[in-house]
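Thanks for coming, everyone. Please have a look at the chain on the screen, and then I'll walk you through it.

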Amino acid sequence: MKLSDCHILEKIAAKEIIITPEVPEENIGSFSIDLRLGNHFRMFKHTECPPFIELGSRDGIFAMCDHFMEDIIIDKDKAFYLHPGELALGITIERLSLPNDLVGWLDGRSSLARLGLMVHITAHTIDPGWDGRITLEFANIGKLPLALRPNMRICAISFEQLSGPTSRPYNKKIGAKYTGQDSPLSSRIEREK
């Protein structure tokens, strides 16, 4: 069952859900909280890219994915332009810590999707025990470039209570690839067992 705004605020007050910096009041909805876009992005370089990324073997080219991506940090008063057909990683301003009995669900904003912006593509689950900022997987499926501006409301997170605490919280999981992230991290699929 999803938590209402009242229950979300209770869990924040009890420090069961920790969000830093504090979320502005106008970003709290009836059952979700709007998160804001940071100013750090990662995307594939327009040069030096391999002919393909091998997903099926451990020793393939995908292990060098970081080598083919570049960091882009923009001034907080500037825009990051995502062109049609491009993929970019971004990060939320807010850092989120969840207890072992609560899962977060990330959703893009409908107003942005109507312009062609896909915000999280497939990674919409925020695991129990998560601690870190959230990497967003942007794709522009529209016809025009989209200006993404730091501090804009970019996505919404809602919360669901588990039937009990998990025995495998993300922050204690062996092989957790993205725990504690503070910048948009490229795929770490090569670390899977």
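Phenylalanine 80 is buried, because its relative accessible area is 5%. Buried here means under 20% relative accessible area, exposed means over 50%, and partly exposed is in between, using a 1.4 Å probe and protein chains only. Phenylalanine 41 is buried too, at 0% relative accessibility.

Before I go on, a word on the source. This is a predicted model: local features need pLDDT of at least 70, side-chain atom pairs count only at pLDDT 80 or more, and totals for chains, interfaces and linings use all residues. Residues are numbered from 1 along each chain as its sequence is written, and side-chain values use heavy atoms, with hydrogens and water left out.

Now, the aromatics. How many aromatic pairs does the structure hold? Two. Rings of Phe, Tyr and Trp (its six-membered ring) pair if their centres lie within 6.5 Å; planes under 30 degrees apart are stacked, over 60 edge-to-face, and the rest tilted. Phenylalanine 41 and phenylalanine 80 have ring centres 4.1 Å apart and planes at 5°, so this pair is stacked. Phenylalanine 41 sits in strand S3 (residues 40-44) and phenylalanine 80 in strand S5 (residues 80-82). Helices (H or I, at least four residues) and strands (E, at least two) are DSSP runs, numbered from the N terminus.

Next, tryptophan 130 and tyrosine 170. Their ring centres are 5.3 Å apart and their planes stand at 45°, so the pair is tilted. Tryptophan 130 is in the loop between S9 and strand S10 (131-140), and tyrosine 170 is in the segment after S12, so parts 40 residues apart in sequence are tied together. Both tryptophan 130 and tyrosine 170 are buried.

On to the sheet. It is open, with four strands in the order S2-S12-S7-S9 and antiparallel pairing. Two strands pair if DSSP finds at least two bridges between them. Which strands are at the edges? Strand S2 (33-36) and strand S9 (125-126), each pairing on one side only. S2 and strand S12 (residues 153-161) run antiparallel, joined by four bridges. Aspartate 34, for instance, has alanine 156 in S12 as its bridge partner.

Stay with S12, where serine 158 lies. Is serine 158 buried or exposed? Buried, because its relative accessibility is 1%. Its side chain makes a polar contact with the side chain of lysine 2, at 2.8 Å. A polar contact is a pair of N or O atoms within 3.5 Å; within protein, one must be able to donate a hydrogen and the other to accept it, and residues adjacent in sequence count only if both atoms are side-chain atoms. Leaving out residues up to four places away in sequence, serine 158 touches Lys2, Phe31, Ser32, Val103, Gly104 and Trp105. Contact means heavy atoms within 4.5 Å.

Some backbone details. The peptide bond from threonine 20 to proline 21 is cis, with omega near -5°. Proline 21 lies in the loop between strand S1 (18-20) and S2. Lysine 15 is not a glycine, yet has a positive phi of about 65°. It lies in the loop between helix H1 (5-13) and S1, and is exposed, at a relative accessible area of 64%. Asparagine 151 also has a positive phi, near 80°. That residue is in the loop between strand S11 (146-148) and S12. Asparagine 151 is partly exposed, at 45% relative accessible area.

Now glutamate 70, in strand S4. This residue is partly exposed, with a relative accessible area of 32%. Glutamate 70 and phenylalanine 44 are 26 residues apart along the chain, with C-alpha atoms 6.3 Å from each other. Neighbours within four places aside, glutamate 70 contacts Phe41, Arg42, Met43, Phe44 and Lys45.

Finally, the whole chain. It has two helices and 12 strands. Of its 193 residues, 39% are buried. Among contacts between residues at least 6 apart in sequence, 78% join residues at least 24 apart.

And confidence? The average pLDDT, the predictor's confidence in each residue from 0 to 100, is 88, and 84% of the residues score at least 70. Where pLDDT is low, the predicted coordinates should not be read in detail.
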